[in-house]
Amino acid sequence: MGHSPSRQNACAGDPLPSRFARFRRRLRLHRRHSGGGDDSASAKAIAAGEFAGIARIRIVKADMRFKDKFFACLSLGDRTYRTETSDNTQRPVWDSEKKVIVETNGPHIARISVFETNRFSKSTLVGYCEVDLFEMLTKDLDEHSEDLPLLDPSSPNTTVGSITISCYIEDPVETEQSFARRVLAIVDYNEDGTLSLSEFSDLMKAFGNKLAVAKIEELFRQADTNGDGIVDINELAALLADQQEKEPLISNCPVCGEDLGKYDKINDMIHMTLCFDEGTGNQIMTGGFLTDKQASYGWMFKLSEWAHFSTYDVGLHSGSAASHILVFDRRTKRIVEEVIDGKIVLSMRALYQSKVGLTLINTGVKDILKNLSEKQGKKMNSPDSAKDIPKFLELFKDQINMDEVKDPIESFKTFNEFFIRGLKPGARPIAYDDQDGIATCAADSRLMAFSSVDESTRLWIKGRKFSIEGLLGTSAHSNALSNGSLVIFRLAPQDYHRFHVPVSGTVEKFVEIPGCLYTVNPIAVNSKYCNVFTENKRVVSIISTSEFGKVAFVAIGATMVGSITFLKNEGDYVQKGDEFGYFSFGGSTVICVFEKDAIQFDADLVANSERSLETLVSVGMTLGVSKRNSGPQVPELQKCSLE
């Protein structure tokens with residue numbers, strides 16, 4: 001049997017590429033398909049009405065409480081940048097800057113994180129501060145510089161040092177003129193701040209389109225008001241910016257050569273401005289990261305990403321396959337990272353993401369998980385378990401704010417007492433608490449919202465048997481809820497574990513449904529081999545409301561969850577935001593099911609869910625508006641724009 005050559009177009013004498021050459025080619029292909037590369041230019045189109053300006057943020061130096069090597073990260077939205085690592089010092093100096101785009105309805109809270117690092121340990125977050133860029137827009141256009149306190153990640157009322165930053169925001173007109181001056185300076189050969197007709201002609205012929213070339217002399221004469229053949233570069237910049245408003249003249253970026261005109265003149269100008277920024281000679285922060293944790297891995301992360309060893313990404317893939325779950329923080333509008341121990345991830349993948357794991361589940365693992373959870377629940381109620389509280393706080397020191405906890409840490413006599421901790425009054429304000437037509441979030445959690453079961457199974461829940469009837473059980477299910485909308489609140493161990501009522505109404509019934517205790521981690525939820533939500537232990541309550549009809553509130557147990565406790569009874573009237581109950585130790589989930597066409601979920605929650613990206617929310621944040629409410633509609637808090 002003959003063998004045909006595998007490369008039909010190759011010449012017989014061509015040498016095969018080396019293994020290293022083939023590896024490099026795979027890297028290039030991966031980078032091309034994954035969209036990797038420098039992010040200095042705008043990656044997405046920005047509507048002209050949304051563009052508020054370009055912010056130049058410079059991280060200058062810090063004054064720390066101890067000596068070490070430090071680096072700083074700047075996070076805004078789904079982009080993070082990092083400085084170089086300082087020398088071993090108590091007063092690191094970075095003097096490093098980055099330009100970022102500010103949108104009127106986009107992310108505006110920039111977080112600056114400081115990490116300590118050395119060869120003997122992982123990079124550790126030691127302090128952070130936040131800067132509201134919208135506030136900067138109300139200040140004078142002069143550069144604003146200030147010293148900010150660095151807050152302890154585990155106790156934001158405690159400072160660990162200070163950091164000096166400067167921030168300057170250009171308005172769109174200034175950005176356009178600045179860009180034009182920098183373009184014109186390319187051909188100011190004698191650097192005297194003026195251009196001759198020949199110099200201006202060179203620029204237009206190199207980067208302009210046919211229209212620009214045809215208008216060279218006309219444009220030059222408009223600026224040359226005294227007719228001496230020499231034009232001040234600032235005057236010509238203003239003229240060019242004005243002309244660019246009417247008809248774009250430059251067809252490709254003078255820095256990277258990319259063709260312009262894909263979107264509009266605003267996006268072309270933003271692209272070129274950010275491209276120029278990379279070539280100014282200033283110390284520019286390294287980009288290409290999604291979170292500050294990701295940036296803290298440094299070159300090791302970059303190497304693994306290029307080689308496709310890492311599975312960092314937003315959306316479903318990161319939830320089902322990666323050891324780092326990425327979620328969108330609704331308050332700051334930035335990507336944050338939920339880290340899981342690597343050994344746990346491997347075991348969950350083996351159990352929930354394979355046919356072998358399915359076989360194990362069906363041959364006794366269900367009982368093992370149940371017995372393990374019950375045993376762990378008893379352990380966490382013992383006085384001896386209190387010694388685990390400090391270790392738990394250290395593990396999640398940047399995710400648990402002890403300043404908002406109602407009782408002092410020494411008052412908790414068991415771990416479970418700490419786990420079901422209450423918060424101080426006002427720690428979770430309820431949005432529009434006087435308007436029952438607005439539903440609010442039921443838990444501090446990672447949220448997914450879907451208008452129908454079909455949407456949820458297409459984008460998130462991969463269990464083959466998921467249905468509303470299967471979730472609620474025959475005793476609680478009704479035809480009104482069959483084709484309803486649903487929202488999933490996933491609680492992680494570090495979260496506040498009391499859940500609250502999302503709507504006002506009367507509690508009609510509670511139905512307990514026995515079951516398994518699978519993990520509610522996305523690795524299991526995204527598995528087609530098990531049905532987490534319809535097989536786990538759960539308690540279903542039905543709330544009758546005037547604004548939304550019937551609403552099913554389902555509290556679902558999970559691995560290591562000792563118990564589900566409700567604080568209300570059948571027949572009670574509950575007010576939106578009331579404390580409804582709590583989960584004992586472990587991760588857990590609440591699912592709320594609304595009748596079909598009863599609720600319009602907030603647009604940002606839907607948009608993230610369509611990307612298979614969980615949204616990090618807190619109790620009391622807006623969830624959606626009743627579609628049956630004919631009263632005045634209120635603006636979504638997270639959609640309010642600059643006025």
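Select E595 to start: E595 is buried, with a relative accessible area of 12%. Buried means under 20% relative accessible area, exposed over 50%, and partly exposed in between (1.4 Å probe, protein chains only). This is a predicted model, in which local features need pLDDT of at least 70 and side-chain atom pairs count only at pLDDT 80 or more, while totals for chains, interfaces and linings use all residues. Residues are numbered from 1 along each chain as its sequence is written, and side-chain values use heavy atoms, with hydrogens and water left out.

The side chains of E595 and R628 meet in a salt bridge, 2.8 Å from N to O. A salt bridge here is a side-chain nitrogen of Lys or Arg within 4 Å of a carboxyl oxygen of Asp or Glu. E595 lies in the loop between β24 (588–594) and β25, and R628 in the segment after β27, so the pair ties together parts that are 33 residues apart in sequence. R628 counts as partly exposed, at 43% relative accessibility. Helices (H or I, at least four residues) and strands (E, at least two) are DSSP runs, numbered from the N terminus.

Now show the sheet. Its 3 strands come in the order β14-β27-β25, forming an open sheet with antiparallel pairing. Two strands pair if DSSP finds at least two bridges between them. At the edges are β14 (438–440) and β25 (599–601), each pairing on one side only. On average, neighbouring strands of this sheet are turned by 30° against each other, direction ignored. For such angles, axes are lines fitted to C-alpha atoms (for helices over the stretch in contact), and angles run from 0 to 180 degrees between N-to-C directions.

Zoom in on β14 and β27 (residues 622–626), which run antiparallel and are joined by 3 bridges. Select I438: its bridge partner in β27 is V625.

Move to R428 and D444. Their closest N and O atoms are 2.7 Å apart, in a salt bridge. R428 lies in the loop between α15 (415–419) and β14, and D444 in the loop between β14 and β15 (445–450), so this pair ties together parts that are 16 residues apart in sequence. Both R428 and D444 are buried.

Last, select R58 and E97. Their side chains form a salt bridge, 2.6 Å from N to O. R58 lies in strand β1 (residues 51–64) and E97 in strand β4 (residues 93–103), so the pair ties together parts that are 39 residues apart in sequence. R58 counts as buried at 16% relative accessibility, and E97 is buried at 2%.
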